[in-house]
Amino acid sequence: MKRRILAFSAAVICALSIVSLPATAQAMDRGMLYTESDEGGPVAHTERVKWYYRTNNGVLEKRLWSITYGHWITAWVPA
């Protein structure tokens, strides 16, 4: 009986954490871009990306957008 109560409690906590996810996640670094500086040496820049979330037929999905290049990096995948 204790295992059932513990399993049910864990399922409720997981369900509540999924519901409370923000609409978008923070941007993460995915790669390095280099440009020339005024002094002639390379300057490193990171590609800026952002996760977008949606619910499709009751399934939470996510897709990665490149802010730097303005295109989708991934297809919709389960979150």
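These legends describe close-up views of a predicted model.

**View 1**
The chain averages a pLDDT of 75. At least 70 is the score of 51% of the residues. Over residues 23-30, pLDDT stays under 50. For that stretch the model has 19 contacts beyond four places in sequence.

**View 2. Arg54 and Glu61 form a salt bridge.**
The structure holds one salt bridge. The closest N and O atoms of Arg54 and Glu61 are 2.8 Å apart. Side chains of opposite charge can pair when their charged atoms come close. Arg54 has 31% relative accessibility, so this residue counts as partly exposed. Glu61 has a relative accessible area of 12%, so this residue is buried.

**View 3. Tyr52 and Trp72 pair edge-to-face.**
The structure holds three aromatic pairs. In the pair of Tyr52 and Trp72, the ring centres are 5.7 Å apart and the planes lie at 80°, so the pair is edge-to-face. This pair links distant parts of the chain. Tyr52 is in strand β2 (residues 42-56), and Trp72 is in strand β4 (residues 71-72). The two residues are 20 residues apart. Tyr52 is partly exposed, with a relative accessible area of 30%. Trp72 is partly exposed too, at 34%.

**View 4. Trp65 and Trp72 also pair edge-to-face.**
Their rings lie 4.8 Å centre to centre, with 75° between the planes. Trp65 is partly exposed, with a relative accessible area of 25%. One aromatic cluster is formed by Tyr52, Trp65, Trp72 and Trp76.

**View 5. Lys62 places its charged end over a ring of Trp51.**
The charged end of Lys62 sits 4.4 Å from the centre of the Trp51 ring.

Technical notes
Residues numbered from 1 in each chain as written. Heavy atoms only, no water. pLDDT = per-residue confidence, 0-100. Contact = heavy atoms within 4.5 Å. Salt bridge = Lys/Arg side-chain N within 4 Å of Asp/Glu carboxyl O. Buried < 20%, exposed > 50% of the residue type's maximum accessible area, 1.4 Å probe, protein only. Phe/Tyr/Trp six-rings, centres within 6.5 Å; stacked < 30°, edge-to-face > 60°. Helix = DSSP H or I, 4+ residues; strand = E, 2+ residues; numbered from the N terminus. Lys NZ or Arg CZ within 6 Å of the ring centre and 35° of its normal.
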